[in-house]
Amino acid sequence: MLPIDPERETGPWQGRVRFGPGGTFAYRPGEILIRDEVADFAEERLHLWIEERQADSDEGVDLVRDEESVAAAFTRLRGSFEVWEAVDHLRDQGVAAQVNHVLFATPCCPPHPSDPEAESFYANPFYANPFYANPFYANPFYANAGCTCVPRCGCGYGADASANPFYANPFYANPFYANADRSPFANAACQHSGSRESSARPAAPPLGLQAQAVAGVRIAILDTGWAERNPPTGLANVAITARGGDQPDEDGDGFLDPAAGHGTFIAGVIEQVAPGCQLEVIEVLSTFGEGDEAEISQVLSRLARRPDDQRPHLVNLSFGGYSPTGMGALSKAISDLHDAGTVVVASAGNDATCMPLLPAALPNVIAVGAIDDEGKPAKFTNYGPWVEACAPGVDVVSLFFEGFDGAGPAVENYDSDRFEGWARWSGTSFAAPRVVAELAREIAAGASPAEAVVRLIRDKDLPGRPMLGTIVGWEEPAGPQA
């Protein structure tokens, strides 16, 4: 099984991503999804609508219908139409059309200003953008010490995360979800193309990798793929099946792409905790960190249709997006996979909000937030009653590209983009695979995937954190000996 469209565009995303009203979610231009049972009617209505709008033009109607159903339930229509106008028109005709949502990898944003590396990181000219000096950000909304959701969820979560101006409301703070209508940031390269500096940093190999090997556990990682260039060699005998490849510098500008190495890093997190699992790393995200609902849903649907002895026990989804209407195709694909016996684990997001991120907040998904090495909620983690588990996600060390040296200069003998097989990275992206690895150990010990979830996450006697669920992969340090 290969990625849906191996010829799809890669590199910066300016031609393939648009942001919805307020910049709160993203979608593919010129693509909509509708239910299969109304596809004929919808195509006819849309064709007539386009003809009427082009009555004074010699242009033909550019409308293409995918032959293969998405998640065995949805049809994708593509054409040179304005997505929102087409969706509104079809809804007026009684057709529940939706956009083809774009989802993004969820590594953490750049370092907090208090981080020792922050000074050199923010010296990048990108951060001189007038977006950061805009008086819009003096609005009291951004000093909110409570929940940053819109509307408020009344969760009463602690002020530490949401009060930090760097981790403000996801509608405005995160470059992926920046306000496309009002903010001057919409004119910056990051909003239009996804171009930004990677927050991964070089690291030394971790010490004491002595986890007991497990066997017979199948895990699928849908992400940027496995490093086909500069592959790591730091862990011996990693059982990887690669479906598509990951490159450090896909656009050839000399710098590490913002999400490059994401899938490789996640595979390394699992391998360190549960070595010996059968890891299948499937490319559904570009190295700039974006993928779309239709393609991701199709891959998940194909996994669900595999024979029992080939279907993964666990699936890791370290990406997400927001939506005002839900993601019907993605929800259907995950439901089918769950019904087939597979457990799906997804990252909760890094916007310090209780706004539900999808797919993590969908039914039949284990949503994972992040804690630091002291067991405290990470300042960036999303949270809420929809988050079932939390795991270490701050300064995680894992596999990365071997022998890649980006164009960034060294500062005082420290080169922030020269990698020798290992990296340090933060984000709920890397908390999710820790949960997957711990579930794999339970399955290897004889539990079914569903039983493993109960034992590790849903047992009411397990320790947890408010609005972050059960703590996984972290233990309170032992006190001093008497």
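**The whole chain**

This is a predicted model, in which local features need pLDDT of at least 70 and side-chain atom pairs count only at pLDDT 80 or more, whereas totals for chains, interfaces and linings use all residues. Residues are numbered from 1 along each chain as its sequence is written, and side-chain values use heavy atoms, with hydrogens and water left out.

Display the protein as a cartoon: its secondary structure comes to 10 helices and 21 strands. Helices (H or I, at least four residues) and strands (E, at least two) are DSSP runs, numbered from the N terminus. Of the 482 residues, 56% count as buried; buried means under 20% relative accessible area, exposed over 50%, and partly exposed in between (1.4 Å probe, protein chains only). Among contacts between residues at least 6 apart in sequence, 74% join residues at least 24 apart, where contact means heavy atoms within 4.5 Å.

**The sheet of 9 strands**

Select next the open sheet whose 9 strands follow the order β9-β11-β7-β13-β15-β16-β17-β21-β20, with mixed pairing. Two strands pair if DSSP finds at least two bridges between them. Which strands stand at the edges? They are β9 (240–243) and β20 (464–465); each has a single partner strand, so one side of each is left without a neighbour in the sheet.

Now move along part of this order. Strand β15 (residues 343–347) runs parallel to strand β16 (residues 365–371), and 4 bridges join them. Here valine 344 stands opposite valine 365 in β16. The pairing of β16 with β17 is also in the parallel sense, over 4 bridges, with alanine 370 opposite alanine 391 in β17. On to strand β21 (residues 469–471): β17 pairs with β21 in the parallel sense over 2 bridges, and cysteine 390 stands opposite isoleucine 471 in β21.

**Alanine 391**

Select alanine 391, which lies in strand β17 (residues 389–392). Is this alanine 391 buried or exposed? Alanine 391 is buried, with a relative accessible area of 0%. Leaving aside neighbours within four places in sequence, alanine 391 is in contact with Val368, Gly369, Ala370, Ile371, Ala431, Arg434, Val435 and Val472.

Turn to the open sheet of 3 strands in the order β6-β19-β18, where the pairing is antiparallel. Its edges are β6 (201–202) and β18 (396–405), each with a single partner strand, so one side of each is left without a neighbour in the sheet. Strand β19 (residues 418–425) pairs with β6 over 2 bridges in the antiparallel sense, and arginine 201 stands opposite arginine 424 in β19. Axes are lines fitted to C-alpha atoms, for helices over the stretch in contact, and angles run from 0 to 180 degrees between N-to-C directions.

Ala, Val, Leu, Ile, Met, Phe, Trp, Tyr, Cys and Pro count as nonpolar, Asp, Glu, Lys and Arg as charged, and the others, Gly among them, as polar.

**Helices α7 and α8**

Select helix α7 (residues 293–304) and helix α8 (residues 328–339), whose axes come within 8 Å and cross at roughly 15°. That makes α7 roughly parallel to α8 (angles under 35 degrees count as roughly parallel, over 145 as roughly antiparallel, 65 to 115 as roughly perpendicular and the rest as oblique). The contact of α7 with α8 has 9 nonpolar, 3 polar and 2 charged residues.

**Helices α1 and α2**

Finally, select helix α1 (residues 39–53) and helix α2 (residues 83–92), whose axes come within 10 Å and cross at roughly 125°. The two helices are therefore oblique to each other. Ala42, Arg45, Leu46, Trp49 and Arg53 of α1 make the contact with Glu85, Ala86, His89 and Leu90 of α2.
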